[in-house]
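The sequence and the coordinates are shown first.

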Amino acid sequence: MSSVAGFSFARSAQPLRRRPWLSVGAAIGLLAMWGALGIAAEGNPGRGMPDEAIDRGRYLVVVGGCNECHTPGYVEAGGDLPESAWLTGSAVGWQGGWGTTYPVNLRLFFSGLTEDGWVMYARNVVTRPPMGWFVLNALTESDARAMYRFVKALGPAGDPTPAYVPPGAPVDTPVIRFPEGPPPPP
Ligand code: HEC
């Protein structure tokens, strides 16, 4: 098993072989479908929502480390950035055997998503590295809902993040380069 910077490739490679990556495009398509089927009963995100759920969501985002990748400058600021700047996505790519990935603008991502859609998504999503998709899979339903309510309450902000770039293709943003890892899964 090769382990780089705390990421265990051998462990993460296993589920990737069983489950194809859910591409951003496919995810958006699926979510649109859930919305169209009316599975989500969302309405006003503030309606009937206890404040504790938002507080819990904020707590989960903080201790889940989501800002460390999805909020530009958060680590450099020692975590001292206003919530208005949180989760707006980063145009610094993470580059390795999987290609180059960008921490998605979650403020926009959540704004296009229903709460029930997020619960389904979080339960099933598999992304490319270095996103710990398995963390999302492990959320309890109530914690997934709390996380949604917090990010939804922040509202949409920022610009879309650059799209995924496959291995070997040119990249025109700064990148954080990982040491050679395993080749991308089939
Ligand atoms: C180590 C950096 C890192 C951390 C920490 C991290 N992410 Fe990510 N996240 C990424 C990257 C990079 C992507 C893009 C992955 C891809 O393109 O397949 C991503 C993708 C996602 C997506 C997929 C969006 C889409 O368009 O399908 C969601 C949702 C997400 N992250 C939520 C979170 C949440 C919630 C947390 C905290 C629990 C978190 N992330 C922590 C780096 C990170």
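**Fold, ligand shell and helix packing**

Along its sequence, the chain follows the pattern β-β-α-α-α-α-β-β-α-α-α-α-β. The model is predicted.

Q: What share of the residues in the chain is buried?
A: A residue counts as buried if 20 or more other C-beta atoms lie within 10 Å of its own. Of the 186 residues in the chain, the buried part is 27%.

Q: Among contacts between residues at least 6 apart in sequence, what percentage join residues at least 24 apart?
A: Contact here requires C-beta atoms within 7 Å. Among contacts in the chain between residues at least 6 apart in sequence, those joining residues at least 24 apart amount to 72%.

Q: Which helix gives the most to the shell around the ligand?
A: The ligand is surrounded by 21 residues, and the closest are G64, C66, C69, R128 and M131. At least two residues of the shell come from each of α2 (24-37), α4 (66-70) and α5 (106-111). With four residues, the element that gives the most is α4.

Q: How do the residues of the shell around the ligand divide into nonpolar, polar and charged?
A: The closest residues of the shell include C66, C69 and M131, and Cys and Met count as nonpolar. R128 is also among the closest, and Arg counts as charged. Over the whole shell, the division is 14 nonpolar, five polar and two charged.

Q: Why is α6 described as oblique to α8?
A: Helix α6 (residues 115-124) packs on helix α8 (residues 141-154) with the axes 9 Å apart and at an angle of about 125 degrees. Because of that angle, α6 is classed relative to α8 as oblique.

Q: Which residues of α6 and α8 make the contact?
A: In passing α8, α6 forms a right-handed crossing. By class, the contact has five nonpolar, no polar and three charged residues. Its members are E115, W118, V119 and A122 of α6, and E141, A144, R145 and Y148 of α8.

Q: Does A91 count as buried, exposed or partly exposed, and what is its class?
A: A91 is found in the loop between α4 and β3 (93-96). Leaving aside neighbours within four places in sequence, A91 is in contact with Y102, T161, P162 and T173. Because A91 has 15 C-beta neighbours inside 10 Å, its class is partly exposed.

How values were computed:
Residues numbered from 1 in each chain as written. Predicted model: local features only at pLDDT ≥ 70, side-chain atom pairs only at ≥ 80, totals over all residues. Near = placed C-beta within 6 Å. Axes fitted to C-alpha atoms, helices over the stretch in contact; angles between N-to-C directions. Parallel < 35°, antiparallel > 145°, perpendicular 65-115°, else oblique. Left-handed = near helix turned anticlockwise from the far one by under 90°. Contact = placed C-beta atoms within 7 Å. Buried ≥ 20, exposed ≤ 12 C-beta atoms within 10 Å, placed from the backbone.
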